[in-house]
Amino acid sequence: MKFTATQIAGILEGEIEGNPQIAVHKLSKIEEGEKGSLTFLANPKYTAYIYSTKASITIVNKDFVPEQTLSTTLIKVEDAYKSFSKLLAYYNQVKNNKIGIENPSYISGSAHYGEGFYLGAFSYLGENVKIGDNVKIYPNVFIGDNVNIGNDVIVFAGAKIYSETVIGNNCVIHGGAIIGADGFGFTPNANGEYSKVPQTGNVILEDNVDVGAGTTIDRATLGSTILRRGVKLDNQIQIAHNVEIGEHTAIAAQTGIAGSTKIGKNCLIGGQVGIVGHITIGDRVRIQAQSGIGRNIKSDEVLQGSPALNYGDFNKSYVHFKNLPKLVNQISTIQKKVEGEQNEQ
(Lines give C-alpha, C1' and ligand atoms only; values in the text may rest on other atoms or scores of the structure.)
Protein backbone atom coordinates (compact mmCIF):
# COMPACT_ATOMS: atom_id res chain seq x y z
CA MET A 1 0.00 0.00 0.00
CA LYS A 2 1.31 3.41 -0.96
CA PHE A 3 0.25 6.78 0.47
CA THR A 4 1.28 10.23 -0.69
CA ALA A 5 2.11 13.14 1.60
CA THR A 6 -1.13 14.78 0.44
CA GLN A 7 -3.19 11.74 1.46
CA ILE A 8 -1.47 11.47 4.85
CA ALA A 9 -1.85 15.18 5.55
CA GLY A 10 -5.56 14.83 4.74
CA ILE A 11 -5.97 11.99 7.24
CA LEU A 12 -4.09 13.89 9.95
CA GLU A 13 -5.31 17.40 9.09
CA GLY A 14 -1.67 18.44 8.80
CA GLU A 15 0.36 20.94 6.77
CA ILE A 16 2.96 19.84 4.22
CA GLU A 17 6.44 21.33 3.90
CA GLY A 18 8.16 19.70 0.97
CA ASN A 19 6.98 17.46 -1.88
CA PRO A 20 3.22 16.80 -1.59
CA GLN A 21 3.37 13.95 -4.12
CA ILE A 22 6.13 11.93 -2.50
CA ALA A 23 4.86 8.46 -1.57
CA VAL A 24 5.62 6.00 1.24
CA HIS A 25 4.85 2.31 1.60
CA LYS A 26 6.29 1.41 5.02
CA LEU A 27 6.94 2.76 8.52
CA SER A 28 10.28 3.24 10.26
CA LYS A 29 12.06 4.66 13.28
CA ILE A 30 13.52 8.09 12.53
CA GLU A 31 17.10 6.86 13.03
CA GLU A 32 16.49 3.92 10.68
CA GLY A 33 14.46 5.75 8.03
CA GLU A 34 14.83 4.67 4.41
CA LYS A 35 13.55 5.98 1.13
CA GLY A 36 9.86 5.17 0.84
CA SER A 37 9.31 5.10 4.61
CA LEU A 38 7.27 7.27 6.97
CA THR A 39 8.49 8.26 10.44
CA PHE A 40 7.80 10.82 13.15
CA LEU A 41 9.61 13.13 15.58
CA ALA A 42 7.99 13.67 18.98
CA ASN A 43 10.82 13.28 21.51
CA PRO A 44 13.36 16.18 21.42
CA LYS A 45 16.15 13.65 22.16
CA TYR A 46 15.79 12.40 18.58
CA THR A 47 15.86 15.81 16.88
CA ALA A 48 19.37 15.31 15.49
CA TYR A 49 18.17 12.34 13.43
CA ILE A 50 15.76 14.44 11.37
CA TYR A 51 18.72 15.99 9.56
CA SER A 52 20.20 12.61 8.61
CA THR A 53 17.11 10.41 8.21
CA LYS A 54 16.44 9.01 4.76
CA ALA A 55 12.73 8.65 5.46
CA SER A 56 10.64 10.19 2.70
CA ILE A 57 8.09 11.75 5.07
CA THR A 58 8.39 12.80 8.73
CA ILE A 59 5.51 13.84 10.97
CA VAL A 60 6.49 16.68 13.33
CA ASN A 61 4.83 19.11 15.73
CA LYS A 62 3.69 22.42 14.27
CA ASP A 63 6.19 24.36 16.36
CA PHE A 64 9.17 22.48 14.87
CA VAL A 65 11.56 24.84 13.05
CA PRO A 66 14.49 23.15 11.24
CA GLU A 67 17.96 24.56 11.87
CA GLN A 68 19.55 22.73 8.93
CA THR A 69 18.57 21.63 5.44
CA LEU A 70 16.19 18.66 5.34
CA SER A 71 15.87 15.91 2.76
CA THR A 72 12.59 14.62 4.22
CA THR A 73 9.13 16.05 3.55
CA LEU A 74 7.47 17.33 6.73
CA ILE A 75 3.84 16.98 7.75
CA LYS A 76 3.18 19.37 10.63
CA VAL A 77 0.47 18.49 13.13
CA GLU A 78 -0.62 19.54 16.63
CA ASP A 79 0.77 16.39 18.29
CA ALA A 80 3.18 14.22 16.29
CA TYR A 81 2.95 11.21 18.61
CA LYS A 82 -0.86 11.12 18.67
CA SER A 83 -1.02 11.68 14.91
CA PHE A 84 1.42 8.85 14.24
CA SER A 85 -0.64 6.58 16.51
CA LYS A 86 -3.77 7.58 14.59
CA LEU A 87 -2.00 6.72 11.35
CA LEU A 88 -0.95 3.32 12.73
CA ALA A 89 -4.56 2.58 13.60
CA TYR A 90 -5.65 3.61 10.09
CA TYR A 91 -2.88 1.48 8.56
CA ASN A 92 -3.97 -1.55 10.60
CA GLN A 93 -7.57 -1.00 9.60
CA VAL A 94 -6.66 -1.00 5.92
CA LYS A 95 -4.24 -3.92 6.27
CA ASN A 96 -6.72 -6.06 8.18
CA ASN A 97 -9.70 -5.30 5.98
CA LYS A 98 -9.94 -8.79 4.53
CA ILE A 99 -13.28 -10.06 3.26
CA GLY A 100 -14.45 -13.51 2.24
CA ILE A 101 -14.32 -17.12 3.33
CA GLU A 102 -11.22 -19.17 2.67
CA ASN A 103 -11.22 -22.91 2.11
CA PRO A 104 -11.01 -25.35 3.70
CA SER A 105 -13.12 -24.09 6.59
CA TYR A 106 -16.29 -25.28 8.32
CA ILE A 107 -19.41 -23.19 8.97
CA SER A 108 -22.37 -24.84 10.67
CA GLY A 109 -25.66 -24.52 8.84
CA SER A 110 -27.15 -22.72 11.86
CA ALA A 111 -24.33 -20.16 12.12
CA HIS A 112 -24.97 -16.54 11.04
CA TYR A 113 -22.55 -13.74 10.21
CA GLY A 114 -22.90 -10.13 9.11
CA GLU A 115 -21.46 -7.96 6.35
CA GLY A 116 -17.74 -7.53 5.75
CA PHE A 117 -16.99 -10.97 7.20
CA TYR A 118 -13.61 -12.69 6.82
CA LEU A 119 -12.95 -16.32 7.79
CA GLY A 120 -9.44 -17.72 7.38
CA ALA A 121 -8.65 -21.23 6.20
CA PHE A 122 -8.96 -24.20 8.60
CA SER A 123 -11.33 -22.32 10.90
CA TYR A 124 -14.47 -23.76 12.50
CA LEU A 125 -17.82 -22.13 13.36
CA GLY A 126 -20.11 -24.27 15.53
CA GLU A 127 -23.86 -24.53 15.87
CA ASN A 128 -25.91 -21.37 16.46
CA VAL A 129 -22.89 -19.06 16.28
CA LYS A 130 -23.92 -15.43 15.77
CA ILE A 131 -21.37 -12.97 14.39
CA GLY A 132 -21.88 -9.24 13.70
CA ASP A 133 -20.59 -6.98 10.93
CA ASN A 134 -16.94 -6.44 9.93
CA VAL A 135 -15.62 -9.36 11.97
CA LYS A 136 -12.25 -10.79 10.91
CA ILE A 137 -11.43 -14.35 11.96
CA TYR A 138 -7.95 -15.51 10.95
CA PRO A 139 -6.87 -19.07 10.08
CA ASN A 140 -7.00 -21.99 12.53
CA VAL A 141 -9.57 -20.40 14.83
CA PHE A 142 -12.12 -22.55 16.67
CA ILE A 143 -15.47 -21.00 17.66
CA GLY A 144 -17.74 -23.34 19.61
CA ASP A 145 -21.50 -23.71 19.72
CA ASN A 146 -23.76 -20.82 20.77
CA VAL A 147 -20.99 -18.21 20.73
CA ASN A 148 -22.11 -14.59 20.17
CA ILE A 149 -19.65 -12.08 18.69
CA GLY A 150 -20.45 -8.38 18.15
CA ASN A 151 -19.33 -5.96 15.43
CA ASP A 152 -15.77 -5.00 14.42
CA VAL A 153 -14.09 -7.86 16.28
CA ILE A 154 -10.71 -9.35 15.27
CA VAL A 155 -9.78 -12.91 16.25
CA PHE A 156 -6.21 -13.71 15.29
CA ALA A 157 -4.84 -17.07 14.19
CA GLY A 158 -5.02 -20.03 16.50
CA ALA A 159 -7.39 -18.58 19.09
CA LYS A 160 -9.99 -20.91 20.62
CA ILE A 161 -13.38 -19.61 21.78
CA TYR A 162 -15.38 -22.26 23.60
CA SER A 163 -19.15 -22.64 23.60
CA GLU A 164 -21.54 -20.08 25.12
CA THR A 165 -18.94 -17.28 25.13
CA VAL A 166 -20.27 -13.74 24.55
CA ILE A 167 -17.94 -11.15 22.97
CA GLY A 168 -18.95 -7.49 22.57
CA ASN A 169 -18.07 -4.91 19.92
CA ASN A 170 -14.56 -3.74 18.96
CA CYS A 171 -12.75 -6.55 20.78
CA VAL A 172 -9.38 -8.00 19.78
CA ILE A 173 -8.43 -11.62 20.58
CA HIS A 174 -4.79 -12.39 19.83
CA GLY A 175 -3.31 -15.65 18.62
CA GLY A 176 -3.30 -18.65 20.93
CA ALA A 177 -5.75 -17.14 23.41
CA ILE A 178 -8.28 -19.60 24.88
CA ILE A 179 -11.59 -18.21 26.08
CA GLY A 180 -14.12 -20.36 27.89
CA ALA A 181 -12.09 -23.43 28.87
CA ASP A 182 -13.27 -25.21 32.01
CA GLY A 183 -12.50 -23.62 35.33
CA PHE A 184 -10.14 -25.51 37.64
CA GLY A 185 -12.88 -27.16 39.67
CA PHE A 186 -12.19 -30.48 41.41
CA THR A 187 -13.31 -31.95 44.72
CA PRO A 188 -11.30 -34.58 46.67
CA ASN A 189 -12.85 -37.77 47.98
CA ALA A 190 -11.91 -39.96 50.96
CA ASN A 191 -9.26 -41.78 48.87
CA GLY A 192 -7.49 -38.56 47.96
CA GLU A 193 -8.73 -38.74 44.39
CA TYR A 194 -10.26 -35.77 42.60
CA SER A 195 -13.67 -35.62 40.96
CA LYS A 196 -14.39 -32.93 38.40
CA VAL A 197 -16.99 -30.29 39.22
CA PRO A 198 -18.92 -29.52 36.00
CA GLN A 199 -18.26 -26.00 34.73
CA THR A 200 -21.62 -24.93 33.33
CA GLY A 201 -21.18 -21.13 33.10
CA ASN A 202 -19.62 -19.00 30.39
CA VAL A 203 -17.32 -16.04 29.67
CA ILE A 204 -18.53 -12.54 28.81
CA LEU A 205 -16.27 -9.92 27.25
CA GLU A 206 -17.92 -6.51 27.03
CA ASP A 207 -17.06 -3.89 24.38
CA ASN A 208 -13.48 -2.76 23.61
CA VAL A 209 -11.74 -5.61 25.42
CA ASP A 210 -8.26 -6.71 24.25
CA VAL A 211 -6.97 -10.20 25.07
CA GLY A 212 -3.25 -10.87 24.58
CA ALA A 213 -1.60 -13.85 22.91
CA GLY A 214 -1.63 -17.05 24.92
CA THR A 215 -3.95 -15.65 27.56
CA THR A 216 -6.58 -17.98 29.04
CA ILE A 217 -9.95 -17.01 30.49
CA ASP A 218 -11.90 -19.82 32.15
CA ARG A 219 -15.67 -20.25 32.07
CA ALA A 220 -17.57 -19.90 35.31
CA THR A 221 -18.70 -22.87 37.38
CA LEU A 222 -22.11 -21.17 37.54
CA GLY A 223 -22.94 -17.77 36.08
CA SER A 224 -20.23 -15.89 34.16
CA THR A 225 -16.60 -14.90 34.19
CA ILE A 226 -16.85 -11.22 33.17
CA LEU A 227 -14.41 -8.70 31.71
CA ARG A 228 -16.09 -5.30 31.70
CA ARG A 229 -15.83 -2.65 29.02
CA GLY A 230 -12.35 -1.50 28.05
CA VAL A 231 -10.34 -4.16 29.93
CA LYS A 232 -6.87 -4.71 28.47
CA LEU A 233 -5.01 -7.99 29.02
CA ASP A 234 -1.38 -8.57 28.05
CA ASN A 235 0.03 -11.91 26.87
CA GLN A 236 0.06 -15.12 28.93
CA ILE A 237 -2.38 -14.15 31.66
CA GLN A 238 -4.57 -16.64 33.55
CA ILE A 239 -8.09 -15.53 34.52
CA ALA A 240 -9.84 -18.23 36.57
CA HIS A 241 -13.52 -19.15 36.80
CA ASN A 242 -16.04 -16.57 38.06
CA VAL A 243 -13.50 -13.72 38.14
CA GLU A 244 -14.90 -10.27 37.39
CA ILE A 245 -12.66 -7.43 36.16
CA GLY A 246 -13.97 -3.86 36.19
CA GLU A 247 -13.99 -1.31 33.39
CA HIS A 248 -10.70 -0.04 31.94
CA THR A 249 -8.45 -2.17 34.13
CA ALA A 250 -5.13 -3.10 32.50
CA ILE A 251 -3.11 -6.20 33.46
CA ALA A 252 0.46 -7.00 32.37
CA ALA A 253 1.88 -10.35 31.29
CA GLN A 254 2.08 -13.55 33.34
CA THR A 255 -0.34 -12.42 36.02
CA GLY A 256 -2.60 -15.09 37.52
CA ILE A 257 -5.97 -14.42 39.15
CA ALA A 258 -7.63 -17.23 41.10
CA GLY A 259 -11.32 -18.02 41.07
CA SER A 260 -14.18 -15.74 42.15
CA THR A 261 -12.00 -12.67 42.77
CA LYS A 262 -13.53 -9.29 41.93
CA ILE A 263 -11.29 -6.51 40.61
CA GLY A 264 -12.51 -2.92 40.35
CA LYS A 265 -12.36 -0.20 37.69
CA ASN A 266 -9.27 1.56 36.34
CA CYS A 267 -6.77 -0.69 38.13
CA LEU A 268 -3.20 -1.19 36.90
CA ILE A 269 -1.66 -4.59 37.66
CA GLY A 270 1.98 -5.29 36.82
CA GLY A 271 3.54 -8.42 35.38
CA GLN A 272 3.81 -11.72 37.27
CA VAL A 273 1.36 -10.66 39.96
CA GLY A 274 -0.39 -13.49 41.82
CA ILE A 275 -3.88 -12.87 43.21
CA VAL A 276 -5.67 -15.40 45.44
CA GLY A 277 -9.30 -16.36 44.99
CA HIS A 278 -12.47 -15.07 46.65
CA ILE A 279 -11.20 -11.57 47.46
CA THR A 280 -12.27 -8.09 46.37
CA ILE A 281 -9.92 -5.44 44.97
CA GLY A 282 -11.24 -1.89 44.84
CA ASP A 283 -11.09 0.76 42.11
CA ARG A 284 -7.92 2.52 40.89
CA VAL A 285 -5.62 0.08 42.70
CA ARG A 286 -1.99 -0.05 41.57
CA ILE A 287 -0.09 -3.32 42.05
CA GLN A 288 3.63 -3.44 41.27
CA ALA A 289 5.17 -6.34 39.33
CA GLN A 290 5.75 -9.71 41.07
CA SER A 291 3.52 -8.83 44.01
CA GLY A 292 1.39 -11.41 45.81
CA ILE A 293 -2.12 -10.35 46.83
CA GLY A 294 -3.74 -12.46 49.54
CA ARG A 295 -6.32 -10.11 51.08
CA ASN A 296 -9.06 -7.65 50.19
CA ILE A 297 -7.71 -4.35 48.86
CA LYS A 298 -9.40 -0.99 49.32
CA SER A 299 -9.74 1.51 46.46
CA ASP A 300 -6.73 3.70 45.59
CA GLU A 301 -4.14 1.53 47.36
CA VAL A 302 -0.67 1.16 45.81
CA LEU A 303 0.99 -2.17 46.67
CA GLN A 304 4.26 -4.02 46.29
CA GLY A 305 5.85 -7.21 47.62
CA SER A 306 4.79 -10.73 48.46
CA PRO A 307 2.74 -10.70 50.54
CA ALA A 308 2.03 -7.23 49.26
CA LEU A 309 2.46 -4.18 51.51
CA ASN A 310 1.60 -0.55 51.07
CA TYR A 311 4.04 0.76 48.45
CA GLY A 312 5.61 3.34 50.80
CA ASP A 313 5.91 0.83 53.66
CA PHE A 314 7.51 -1.69 51.32
CA ASN A 315 10.20 0.78 50.23
CA LYS A 316 10.98 1.76 53.84
CA SER A 317 11.15 -1.90 54.86
CA TYR A 318 13.36 -2.73 51.91
CA VAL A 319 15.92 -0.13 53.05
CA HIS A 320 16.14 -1.90 56.40
CA PHE A 321 16.28 -5.30 54.71
CA LYS A 322 19.28 -4.23 52.61
CA ASN A 323 21.03 -3.01 55.78
CA LEU A 324 20.38 -6.18 57.82
CA PRO A 325 23.99 -7.54 57.58
CA LYS A 326 25.36 -4.19 58.75
CA LEU A 327 22.80 -4.00 61.58
CA VAL A 328 23.60 -7.56 62.68
CA ASN A 329 27.31 -6.69 62.83
CA GLN A 330 26.55 -3.56 64.85
CA ILE A 331 24.39 -5.52 67.29
CA SER A 332 27.08 -8.19 67.57
CA THR A 333 29.72 -5.54 68.32
CA ILE A 334 27.52 -3.92 70.97
CA GLN A 335 26.73 -7.30 72.50
CA LYS A 336 30.43 -8.22 72.76
CA LYS A 337 31.22 -4.85 74.32
CA VAL A 338 28.45 -5.26 76.91
CA GLU A 339 29.58 -8.82 77.72
CA GLY A 340 33.19 -7.58 78.11
CA GLU A 341 32.15 -4.85 80.52
CA GLN A 342 30.09 -7.33 82.52
CA ASN A 343 33.05 -9.71 82.78
CA GLU A 344 35.30 -6.88 84.03
CA GLN A 345 32.86 -6.20 86.83
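Modeller: The disulfide count here is zero, a disulfide being a pair of cysteine sulfur atoms within 2.5 Å. This is a predicted model, where local features need pLDDT of at least 70, side-chain atom pairs count only at pLDDT 80 or more, and totals for chains, interfaces and linings use all residues. Residues are numbered from 1 along each chain as its sequence is written, and side-chain values use heavy atoms, with hydrogens and water left out.

Colleague: Is Cys171 buried or exposed?

Modeller: Buried (under 20% relative accessible area, with exposed over 50% and partly exposed in between; 1.4 Å probe, protein chains only). Cys171 has a relative accessible area of 0%, and Cys267 is buried at 1%.

Colleague: Other topic. How many cavities of 30 Å³ or more?

Modeller: The search of the whole structure finds one. On a 1 Å grid over the protein atoms alone, a cavity is a set of points where a 1.4 Å probe fits but cannot get out; lining residues have an atom within 4 Å of a point.

Colleague: What volume does the largest cavity have?

Modeller: About 120 Å³, counted as the space filled by probe spheres set on the points, which are joined across faces, edges and corners.

Colleague: Which element gives the most to that lining?

Modeller: α2, with three residues. Helices (H or I, at least four residues) and strands (E, at least two) are DSSP runs, numbered from the N terminus. The lining includes Met1, Phe3, Leu38 and Tyr91.

Methods
1 Å grid on protein atoms, 1.4 Å probe; cavity = no way out; pocket = protein on both sides within 12 Å on 5 of 7 lines; lining within 4 Å.
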